[in-house]
Each structure stands twice: as structure tokens, then as C-alpha cells.
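Visitor: I have a structure open and would like to learn how to read it. Could you take me through it step by step?

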Amino acid sequence: MVPSGLKICESLNSPSYSLSVVGHVPFGLICHPDREHFIYPLGCTIIIQGLNNNTQAFLHGHTNNVSCVAVSRSGCYVASGQVTFMGFKADIILWDYKKRELLARLSLHKGKIEKLAFSPNELYLVSLGGQDDGSVVVWSIAKRDAICGSPASARSAGNATVLAFSNCRDEAFISAGNGTIRVWELDLPNRKIWPTECQTGPLKRVITCITMAEDDSYFYVGTSSGDILKLNMKSKLMSDYGPVKEKFSLGVTALLLLKTGDLVVSTGGGIVALCKGSNYKPIKKIQVQGGVTSLTLRGQGHQFFVGTEESQIYRLNYNDFKEELIATCHNEAIHDIIFPSGTSDLFATCSKNDIRVWHTPENKELLRITIPNMTCHAIDFMRDGKSIISAWNDGKIRAFTPETGRLMYVIDHAHSMGVTAIAATSDCKRIISGGGEGQVRVWEIGQNTRKLEEVLKEHISAVSCIKIKKNNRECVTASIDGTCIIWDIVRFMRNQMILANTLFQCVCYHPEEYQIITSGTDRKIGYWEVFDGSAIRNLEGSLTGSINGMDITSDGTYFVTGGDDHLVKVWDYNEGEVTHVGMGHSGSITRLRICPGNKYIVSVSADGAILRWKYPHSS
């Protein structure tokens, strides 16, 4: 059923590429058994990415963030679990890998799915509920139905958080967590699972990961204390543990048991180590950026991949044990995205701690400019391409070279409550900045000088967006105080003020510059006359949530919007109707841009995702 007054519009195809890597999901990065793809979650979406050709496929179906992923031994099935709100059922989705489609939706757990594991012959899927659920359930893959369930740990023990299936038997699996290690046996005729507690003697540990021996004779568990325990599968007793003295810093986060009997150990401190023998002392180790959340083998163990919580993916070869960074992205909310004038091959994004420049055709990061513990709110390329100017929450404006990222100059104390918006004139002689206190400041930029030309004090709250007219004589500023002001930046006077019952988030000049369009938290898209500030029309821009970003094509025929509803919408400017809708983001869209030449749309969001969309209209 279509709501009255809404036109049925085409879907914007799935994003053509995502530049995002999510590292917060434990064991979220998995190398597929075909050795040509790896799989990882991004918000509500599962991404299947080619290792050699950089292609991507997207699996959409979850209604909230994905919390765990598992792949069956043959690679035919992928299973993913999600988080949901307290008291509501959290779904597990079973996917057909080859067809890239949803096979079944399994709902029994509440709140969160903590971990999933497939049996070796792909007969069963076992799932572990989160802290508020506390149960373990065995599912029949053929019947797509639950067989049986049980509380995951004894009342005297803590929560179970990790699972591993036996490598040889479909009827045995292990669960572990805070003070609990259990080996479970499936009794199919009676539809029951029977647990046996494993004894670790006087050691009390929080288990963070499990890996099984190939013949099921023993298994290893990693702990948050930084040591590794080896347990016998038959006797359920601990046979040894280590290292006794120099434990792994910030805990063991993942384990890999290689065919040679060696262990690859990763830690919360970003160490990946190769250990031999029963003393668990590292013989080789490397340091990566961020705590490691995933280790995954490619093939028999000649190569493996490391995923970190700072959204980095590394490739390691067993022989030389050297890391190679193959994918990276922001791991915090992205606040702005900008293309340089006249080219679609590069764009820049900014976030907490850094600004990054990306090469669009190869989907690769070219440059990273890092300012630790600071947040960059807005960026702009100077028209001559010689600098990137940026607005920071410490009240400074910083300019960098786009090729090397070298700091060119800093304007200290540009704004007292952080710089929140920035724009440069097309002649590269002036910068206009907006601050958290509501002031708009005009800066004259010389060869070696930066001079404050004027302070415009009309807004009473943070400036969210600044756009400058092509002739550099006028600009418009949007603020969360509910006003948009059109300024004369030659005489430094207010020309017009637009008032609305909203927190304005974005504003755009129509290319002919006789109209502006605005949007914000009231979900309305407003068209306004530049000449007298009068309202022309109001469109319902979104059904839920604020509109945070908009951009308009160079000919003014279409514009795009994105916001808290996670949707990218393409609008016909004159008709005021949506022509295409894109679903792909899992977090609120913060900004989006149509590239010069109208080849594609790039959108960024609060979960650190960068999505590239094919522009739907022929230019």
C-alpha cells in the first residue's frame, strides 16, 4: 500500500561501493572458504568483498546492527545475528552465499545474538543469546527450525560469550565466558542438549575466544587476563596454560590453530604473535593499529587476515610474518565530505582525529592527516587545489597541502566554542567560518598572512552550513537557532533572514542563485527567494528524523538529501518529487555530495560508513 500523496519512485541501486570497515564486531571478519572473498558486517548490512578485484555485494535484511557472523565449512551458508531493543526478539538470518539471498529468519533469542556457529557437516546452527537472554539454542538447517535450547551457563557462573563447534562431530560444541567452559552434547532423539563443565582447577578466567584442534582431541581458549588455556576434549580437564609470566597485554582477543600446531594469538593491545610449544612464548610478533577483534585464515594457513577496532584490515603471510594494510576507513562518525573543484577522482572526508583523502576509481585511501584527540567538523578544498581548509572543535582553522598533508598554517582562536562550518571563496582570497557560539567570521588569506576582516554577529547558536555565491559577494549561513541568513560579504551586512521552527542543518544555492533550498530537524525541504527571503514552497522531506545533508546538481535539475532515516533520496527540483531512493546506510547520514560531472553520489554517515552510489539520471 502506498501512502496517499506519495509517488512510487525507483530504487537507487545498492551502493556501487562501500569504503567502510567495521571493527567493533568481535570475530566479524571472516575469509570465505572459496579464498576469494571476505565477509564482514557494516551496521545492519553484511558485505561480501572480493580479495583481488575489490567487488562488493550487500546482504540487506537486518533491522538493527549486526552483532555476529558465521560461515559454514563449505561456504554455502552465511548466518548473521543482530541486536535489538530490550525485551524484543533478535533475529538470526540464514543466507544462501551463492545466490546472495535470504533463506530463513530465525527468531527465539531476546535482545542480542552473541555468537553463532555451524556444525562441521552443516546439519545444525547453534546460537548464543546475549546477557539479557542467556540461552543457547540448536537449530536444524534443513528444517529452518529450533531443535532444543538450554541456559548457556550455570547460575553460579557468569555469562557465556563465545561458541565453537566440534571439527569432527555434528553433536558436540563448546560454550565459554565469564568463569564458565562447557562441552555440550546434542541428544537428538530426546531433543535435549547436555552440558559438562570443564575443570580449570584454581584458575578463574573470563574466556574471550576458542579454537578447536582438527581431530577434536583438545581445544584452546584465550582469556581477558592475557593467557591461553589448553583443555582435553575427552576428560574435560585443563592440561596446561601459559604464558605464566609475561602475559599478553590487554587480553587475548582471537586465536588461530595452524596445521603445524602453531598458534596465532591476537591481543587487545594490537599485537599479533606466532607461538610455538607449550610455553606459549611468541617467536614472531607484529604491532597493528587498534585492538584486534578478528583473525581469519585463508586456505590452510599460508595467509591470514587481521581486523582491528580502528577499522583496519591487514593481510599477513605465515612465512615472512609482515603486515600489509589492505582496507581502512573511519571508525567514528564522519562529519563532512567534499570534492575538489572540477574532478570526481578525489574526495576528502573528516572525522574525529583525522581527515582522509580518497581515490574514487580505486576506492583507496591516498592520504591521512591526523590531529589526535580533536574532531574535524567541516572541510573545503581551495579552488586552486593548493590546500584543504578544515574546521576543528578546538576553535582552530587548519590548512593542509592535499598531496602530502603538511600543515600550511593555523588560525588560532578562530572561534570560542569550536569551528563548526567553513567555506572558501572561489578566488582563494577569503575563508568564511562559522562557530559554535553563532558568529560568522570572514578571514582574508594572503601569501603569508591570515587577517580577520569582519565578525558577523546575528546567529545565537552554532552555524551548521555555509555556502558562498559564485561572484564571492554574498553567502548564506544556516544555524541550529532556526535562522538562515543571507549576508553581503562586501559591505558585511545582513541582506535577508529566513526564520523557521527547525534546527537548520543544510542549505544550498540553486545554480542560478535566485533561490536557496534548506532543511533540518523539521524534516521539511524549504525553497526560498534570495531577493526577499520569502517562502516559495515546503516539501515533506522525510517521514522520520532530521535531514542532515543536501547537494544540488550543477544544472539545478535534481538535488539529493540524506538524514536520520538512513535513506539517500534524489529529487526533481522543479516537480518537488522523489525520483529515486537508496537504502544502504545503517547509521544517520551526516552529509552527501554529487560529484562534479554527475557520475555518482557519495554519502557519509554517523557509523563511519562511506557509500558510493551510481547517479541515476543521465547527465
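Guide: Gladly. This is a predicted model. Start at the interface of domain 1 and domain 2, where two residue pairs are in polar contact, both at pLDDT 80 or more.

Visitor: How many salt bridges cross the interface of domain 1 and domain 2?

Guide: The rule finds zero there.

Visitor: Where do domain 1 and domain 2 run in the protein?

Guide: Domain 1 covers 28-197, and domain 2 covers 334-614. Their C-alpha centres are 42 Å apart. Seven residues of domain 1 touch six residues of domain 2.

Visitor: What area do domain 1 and domain 2 bury between them?

Guide: About 430 Å², with 52% of it on carbon and sulfur atoms. On the domain 1 side, Leu42, Asn54 and His60 supply 63% of the area buried against domain 2, more than any other three residues.

Visitor: Now a single residue. Where is Asp551 placed?

Guide: Asp551 belongs to strand β49, residues 547-552.

Visitor: Is Asp551 buried or exposed?

Guide: Asp551 is buried, yet has no salt bridge. A salt bridge needs the charged atoms within 4 Å. The nearest side chain of opposite charge, Arg593, is 4.8 Å away.

Visitor: Which backbone nitrogen lies 2.8 Å from a polar atom of the Asp551 side chain?

Guide: That of Ile594. Now look around Asp551. Leaving aside neighbours within four places in sequence, its contacts include Cys508, Phe559, Val560 and Leu592. Arg593 and Ile594 are also in contact with Asp551.

Visitor: What should I know about backbone angles?

Guide: Most residues other than glycine have a negative phi, and most peptide bonds are trans. Look for departures from that pattern.

Visitor: Which residues does a cis peptide bond join?

Guide: Gly242 and Pro243, with omega about -10°. Pro243 sits in the loop between β22 (238-242) and β23 (252-257).

Visitor: And phi? What is its value at Asn363?

Guide: Phi of Asn363 is near 55°, a positive value in a residue other than glycine. Asn363 is in the loop between β32 (346-359) and β33 (364-381).

Visitor: Why does Asn363 count as buried?

Guide: Because its relative accessibility is 15%. The cut-off for buried is under 20%.

Visitor: What is phi at Asn472?

Guide: Near 60°, again a positive value in a residue other than glycine. Asn472 lies in the loop between β41 (463-468) and β42 (474-479). At 11% relative accessibility, Asn472 counts as buried.

Key. Residues numbered from 1 in each chain as written. Predicted model: local features only at pLDDT ≥ 70, side-chain atom pairs only at ≥ 80, totals over all residues. Heavy atoms only, no water. Helix = DSSP H or I, 4+ residues; strand = E, 2+ residues; numbered from the N terminus. Buried < 20%, exposed > 50% of the residue type's maximum accessible area, 1.4 Å probe, protein only. Lys, Arg positive; Asp, Glu negative; His and termini not counted. Polar contact = N/O pair within 3.5 Å; in protein donor to acceptor, adjacent residues only side chain to side chain. Contact = heavy atoms within 4.5 Å. Domains from an automatic or database assignment. Buried area = accessible area lost by both parts, 1.4 Å probe.
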